[in-house]
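Work through the exercises below with the sequence and the coordinates open. Each task is followed by its solution.

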Amino acid sequence: MALALVKKGSRSITVDGAAYRWRVRGRPTYDQGLGWSPLAYAVELADAPGTTLVVITDQPHPSNWRGIQARPVLPAHVAEAIRAARLKGWTPEQPGSPLLLDQSQEFTPAS
């Protein structure tokens with residue numbers, strides 16, 4: 001059974017006529033805080049959540065502890081990720097394990 005996104009702090013977006021919610025974790029994980037792993041965010045259907053999409057970006061978490069410059073996740077990035085995941089077969093209306101969309105090819109971990 002998939003877990004639904006926490007509604008507090010989530011943002012709404014409509015992509016190709018479907019309503020979704022997405023959320024960036026407010027506090028970084030330990031590895032994200034040190035700049036060792038990139039920022040990730042989750043997406044699900046707004047009204048009938050099923051399979052969650054987890055997107056790994058190519059940038060550090062904005063609240064990292066080392067002051068590494070980070071760009072915000074923009075709705076255009078989320079829409080692009082949703083479309084890419086749908087093309088890869090993501091079916092957010094069906095229950096199942098989260099789908100991982102790794103876009104971190106350009107991420108360089110801090111040393």
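**Exercise 1. The hairpin**

Find the residue of β2 that stands opposite T14.

Solution. T14 faces A19 in β2. Strands here are DSSP runs of E with at least two residues, helices are runs of H or I with at least four, and both are numbered from the N terminus. The two strands involved are β1 (residues 11-15) and β2 (residues 18-24), which run antiparallel and are joined by five bridges. Strands count as paired if DSSP finds at least two bridges between them. β1 and β2 make a hairpin with two residues between them. In its turn, D16 has a positive phi of about 50°.

The model is predicted: local features need pLDDT of at least 70, side-chain atom pairs count only at pLDDT 80 or more, and totals for chains, interfaces and linings use all residues. Numbering starts from 1 along each chain as its sequence is written, and side-chain values use heavy atoms, with hydrogens and water left out.

**Exercise 2. Salt bridges**

Solution. Apply the rule: a side-chain nitrogen of Lys or Arg within 4 Å of a carboxyl oxygen of Asp or Glu. The count is four. D16 pairs with R83, closest N and O atoms 3.2 Å apart. D16 is in the loop between β1 and β2 and R83 is in helix α2, so the pair ties together parts 67 residues apart in sequence. Next, check burial: buried is under 20% relative accessible area, exposed over 50%, partly exposed in between (1.4 Å probe, protein chains only). D16 is exposed at 63%. R83 is partly exposed at 39%.

Compare R21 and E44, whose closest N and O atoms are 2.4 Å apart. R21 belongs to strand β2 and E44 to strand β3, so this bridge ties parts 23 residues apart. R21 is buried at 8%. E44 is buried at 0%.

**Exercise 3. Aromatic rings**

Classify the pair W22 and Y41.

Solution. Rings of Phe, Tyr and Trp (its six-membered ring) pair if their centres lie within 6.5 Å; planes under 30 degrees apart are stacked, over 60 edge-to-face, the rest tilted. The structure has four such pairs. For W22 and Y41, the centres are 5.9 Å apart and the planes at 65°, so the pair is edge-to-face. W22 sits in strand β2 and Y41 in strand β3 (residues 40-45), 19 residues apart. W22 is buried at 4% relative accessibility, and Y41 is buried at 3%.

**Exercise 4. The aromatic cluster**

Where is W65, and what does it form with Y30 and W36?

Solution. W65 is in the loop between β4 (53-56) and α2 (75-87). Y30, W36 and W65 form one aromatic cluster.
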